[in-house]
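Here are some notes to read alongside the model on your screen. Take the points in order, and find each residue in the viewer as you go.

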Amino acid sequence: MREVVGRDDILLVTLDTLRYDVARRLAAEGRIPHLAAHLPGGAWERRHAPGSFTYASHQAMFAGFLPTPASPGPHPRLFAARFAGSESTAERTWVFDTPDLVSGLAEAGYRTVCVGGVGFFNRRDALGSVLPGMFQEAHWKPSFGVASPTSFEEQVACAEEVVARLPVGRRLFLFVNVSALHQPNWFHAPGASAADGDSVETHAAALEYVDRHIGRLFDAMRSRRRCFAVVCSDHGTAYGDGGYTGHRLAHDAVWTVPYAHFFLEQDAPAPPPATAGAPR
């Protein structure tokens with residue numbers, strides 16, 4: 001990351017509430033071809049979330065604590081604040097001297113932009129202003145939120161506008177909090193109604209919806225220069241698992257998340273979508 005920062009644009013996408021088991025299954029079944037085409041080996045990495053709900057998890061991630069590999073560590077981090085005694089700051093870690101990654105990248109010359117999704121990014125009150133307030137530029141409107149059936153495509157359109165108007169010489173750190181996976185998500189399942197409610201399958205349908213539009217986001221971010229992308233969940237959510245529903249609780253469905261990072265090469269053709277049963 002010491003070579004990436006200052007050279008490449010950076011994209012951080014959090015697929016809010018996405019469960020690891022659902023993400024893994026859909027990749028294996030060929031149901032998210034545009035995401036799977038970029039996943040190393042066509043598969044998500046299993047990691048542990050730094051928090052059990054959006055606010056806590058993003059505070060940690062913006063401090064450099066991305067989801068941790070689900071195996072014994074310590075695991076070197078991509079980004080870290082300068083902090084005496086850190087066991088996960090390694091030779092290749094990009095170290096910043098500000099309180100958070102966002103201001104650290106701004107100090108390094110990046111334009112920092114947030115495209116919010118769930119309520120913690122809506123700037124409607126003091127709490128909803130903390131996370132977007134870290135950025136030089138932040139966007140949110142109701143059509144980006146959890147109740148909008150078209151939330152992600154509208155977020156992508158906003159991101160495309162951000163990229164289009166930024167001078168080519170200016171590096172960009174773009175953060176997108178994708179709200180489509182969060183409850184309510186029943187409307188992403190064909191033929192569903194509110195009376196049917198949310199389930200693991202409507203959660204999966206929401207991920208398929210995101211996959212249909214995420215290629216536009218990737219294309220925008222590699223249009224100016226090479227982009228380093230991190231795509232992950234901030235935490236999972238329970239749909240009756242062990243009697244639990246929702247998140248902000250200690251359950252494997254909440255703590256275990258999908259993660260991937262990869263480069264988006266400038267002007268490179270998008271890799272062909274993977275098909276079910278194809279080698280990965």
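This is a predicted model: local features need pLDDT of at least 70, side-chain atom pairs count only at pLDDT 80 or more; totals for chains, interfaces and linings use all residues.

1. Arg248 sits in the loop between strand S11 (245–246) and helix H8 (252–255). Its phi is positive, about 60°, although Arg248 is not a glycine. Is Arg248 buried or exposed? With 62% relative accessibility, Arg248 counts as exposed, because the cut-off for that word is over 50%.

2. Now look at Thr17, another non-glycine residue with a positive phi, here near 75°. You will find Thr17 in the loop between S1 and helix H1 (20–28). Thr17 has 0% relative accessibility, so Thr17 counts as buried.

3. Next, please visit the loop between strand S8 (172–178) and helix H7 (200–221), where Gln183 is found. Pro184 has its place in the loop between S8 and H7 too. Check the peptide bond from Gln183 to Pro184: this bond is cis, with omega near -5°.

4. Stay with Gln183 for a moment. Its relative accessibility is 17%, so Gln183 counts as buried; the cut-off for buried is under 20%. Which residues does Gln183 touch, leaving aside those up to four places away in sequence? They are Val146, Asp198, Thr237, Tyr239, Gly246 and His247. With Thr237 there is also a polar contact of 3.2 Å between the two side chains.

5. Zoom out to the sheet. Eight strands form an open sheet with mixed pairing, in the order S3-S2-S12-S9-S1-S8-S6-S7. At the edges are strand S3 (68–69) and strand S7 (137–139), each of which pairs on one side only.

6. To see how they line up, find His48, whose bridge partner in S3 is Thr68.

7. Helix H6 (residues 151–165) lies across strand S6 (111–115), S7 and S8. The angle between H6 and S8 is about 170°.

8. Finally, look inside. How many cavities of 30 Å³ or more are there? The count comes to one. About 50 Å³ of space lies in the largest cavity, and its lining is made up of Ile10, Leu11, Leu12, Leu66, Phe79, Leu101, Phe173 and Val230. Strand S1 (residues 9–15) gives the most to this lining, with three residues.

Technical notes. Residues are numbered from 1 along each chain as its sequence is written. Side-chain values use heavy atoms; hydrogens and water are left out. Helices (H or I, at least four residues) and strands (E, at least two) are DSSP runs, numbered from the N terminus. Buried means under 20% relative accessible area, exposed over 50%, partly exposed in between (1.4 Å probe, protein chains only). A polar contact is a pair of N or O atoms within 3.5 Å; within protein, one must be able to donate a hydrogen and the other to accept it, and residues adjacent in sequence count only if both atoms are side-chain atoms. Contact means heavy atoms within 4.5 Å. Two strands pair if DSSP finds at least two bridges between them. Axes are lines fitted to C-alpha atoms, for helices over the stretch in contact, and angles run from 0 to 180 degrees between N-to-C directions. On a 1 Å grid over the protein atoms alone, a cavity is a set of points where a 1.4 Å probe fits but cannot get out, and a pocket is an open set with protein on both sides within 12 Å along at least five of seven lines; lining residues have an atom within 4 Å of a point. Grid points are joined across faces, edges and corners, and a volume is the space filled by probe spheres set on the points.
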